[in-house]
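Visitor: Please put the sequence and the structure up. Then take me through the model, one question at a time.

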Amino acid sequence: MAENAPLLGSNNGEEVVLAERESEATQRKTTTPSSRVVSLDVFRGLCVFLMILVDYAGSVFPSIAHSPWNGFRLADFVMPFFLFVVGVSLAIVNKIVLDRTGATLKVVIRTLKLFILGIFLQGGYLHGITGLTYGVDIERIRWMGILQRIAVGYIVAALCEIWLPCQGMKRVALFRNYICQWCIMFLLSAIHCGLLYGLYVPDWQFSVSQSTGSTIYEVKCSVRGDLGPSCNSAAMIDRYILGIDHLYAKPAYRNMKECNGSNRGTVSESMPSWCHAAFDPEGIVSSLTAAATSIIGLQYGHILVQFQDHKGRLYNWSILSLSLLAVGLFLDFVGMPLNKSLYTISYMLSTSAAAGITLCLLYLLVDIYGWRHLMFVLEWMGKHSLSIFILITSNIAVILIQGFYWRDPQNNIVRWIVTRFVHK
């Protein structure tokens, strides 16, 4: 194919290659069922909607909030869905890359922008709706977060798509066409598994600042391959590299029975010492399999690009989704738990399968049955997903809503919700 033809030394050779690529691109556009796959925008909008729902309704309905440790709930699908749709979109955007170096430079710049924006929004610079101030202590800033994880998944998947393109563009043997990308995914999973099960975790201690002074806690570990919240190697790596003061201060495992209540600010000496420790669910080790999710999304994007008929797309998406789900559930059955905080391989495969099934349903409803008008809100949210994320995460949208009150500034809907449910 022209996409894999060597660039000849003469100008005539380059013109022939460019002409073939332009002809191929034009032919694809004319044979595609629709010029834009609207279901991708709807999918992205669904991710944003779920993020808003679980963030603001999770305290009222704990059943949709993040699972304290093993297992998953509705909130635990949001991040994998974001990473998945990033991969699908990259396969469409980079289906023909003429300048790999230039495309790589754009990817690096965009990644840095996302990462820096994530630090600004979730690093602690903005203090929230209850304290409308700003500024962060550099010694305690959080380096990782949602946008940072998306940035990692984006750059890994983008570089795979730019530098490891398919060979042959045949409709059959999609796995063989993108074998290098699958190898990268397997490598990331193997490194993640090796670090999680192979590293020895010694006893460790940390201090927590309180109004009466600092309290030092000690956690007994001396174990290898533990996947619990106290002695897993992922947290150990984050403590060594990022520093415990730069991790997420209110991890979901504080809602476990052993730590019940500590997430609301109450401190009890009867709780295990690790309940007081910080833990980042968007840490370094878990970012490996998170990036692998975006590579899986790439494969769904390849199917979207290479198969021009609805039946072929849905058939291959369904086969891939069911295969991923079967392997993910099997790994959970044999002892690798579904865990979002550690982003285990079983969790990666199962949530990627769920994302693939969701894509199939949205594609069927929106792009085949034409229910676009019923999904216009989600489509709009998908087209403006980053702007909405910034408005929500920075609390600007909440502050604007809070500005409307009844007679007294204290009588506003935001304060009523916070008082009634959050601080209940």
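Visitor: Is S286 buried or exposed?
Guide: Buried means under 20% relative accessible area, exposed over 50%, and partly exposed in between (1.4 Å probe, protein chains only). S286 has a relative accessible area of 3%. So S286 is buried.

Visitor: What pLDDT do side-chain atom pairs need in this model?
Guide: Residues are numbered from 1 along each chain as its sequence is written, and side-chain values use heavy atoms, leaving out hydrogens and water. The model is predicted, so totals for chains, interfaces and linings use all residues, local features need pLDDT of at least 70, and side-chain atom pairs count only at pLDDT 80 or more.

Visitor: Which backbone oxygen does the side chain of S286 reach?
Guide: S286 sits in helix 9, residues 284–306. Helices are DSSP runs of H or I with at least four residues, strands are runs of E with at least two, and both are numbered from the N terminus. At 3.3 Å, the side chain of S286 reaches the backbone oxygen of G283.

Visitor: Which residues does S286 touch, not counting those up to four places away in sequence?
Guide: Contact means heavy atoms within 4.5 Å. By that rule, and beyond four places in sequence, S286 touches R149, H192, P281, S341, L342 and Y343.

Visitor: How do helix 3 and helix 5 lie relative to each other?
Guide: Helix 3 (residues 78–93) packs on helix 5 (residues 146–163) at about 30°, with axes 9 Å apart. Among the contact residues are F82 and V86 of helix 3, with R149 and G153 of helix 5. Axes are lines fitted to C-alpha atoms, for helices over the stretch in contact, and angles run from 0 to 180 degrees between N-to-C directions. Under 35 degrees counts as roughly parallel, over 145 as roughly antiparallel, 65 to 115 as roughly perpendicular and the rest as oblique, so helix 3 and helix 5 are roughly parallel.

Visitor: How do helix 4 and helix 13 pack, and how far apart are their axes?
Guide: Helix 4 covers residues 100–122 and helix 13 covers residues 385–393. Their angle is about 25°, and their axes are separated by 10 Å.

Visitor: Which residues of helix 13 make that contact with helix 4?
Guide: On the helix 4 side, L114, L117, L121 and Q122 take part. Helix 13 contributes L386, F389, I390 and T393.

Visitor: How many residues of helix 8 are buried?
Guide: Helix 8 spans residues 233–241 and is mostly covered. Its cover includes helix 7, strand 1, strand 2 and helix 9. Among its buried residues are M236 and I237.

Visitor: How far apart are the C-alpha atoms of Y347 and G71?
Guide: Y347 belongs to helix 11, residues 345–368. Its relative accessibility is 0%, so Y347 counts as buried. Y347 and G71 are 276 residues apart along the chain, yet their C-alpha atoms are separated by 8.5 Å.

Visitor: Which residues touch the most other members of the largest nonpolar core?
Guide: A nonpolar core is a set of buried Ala, Val, Leu, Ile, Met, Phe, Trp, Tyr and Cys residues joined through side-chain atoms within 4.5 Å. The largest has 75 residues. W317 touches Y300, I303 and L304, among others. The members with the most such contacts are F43, Y300 and W317.

Visitor: What share of the residues in the protein chain is buried?
Guide: The chain forms 15 helices and six strands. Of its 424 residues, the buried share is 48%.

Notes: Polar contact = N/O pair within 3.5 Å; in protein donor to acceptor, adjacent residues only side chain to side chain.
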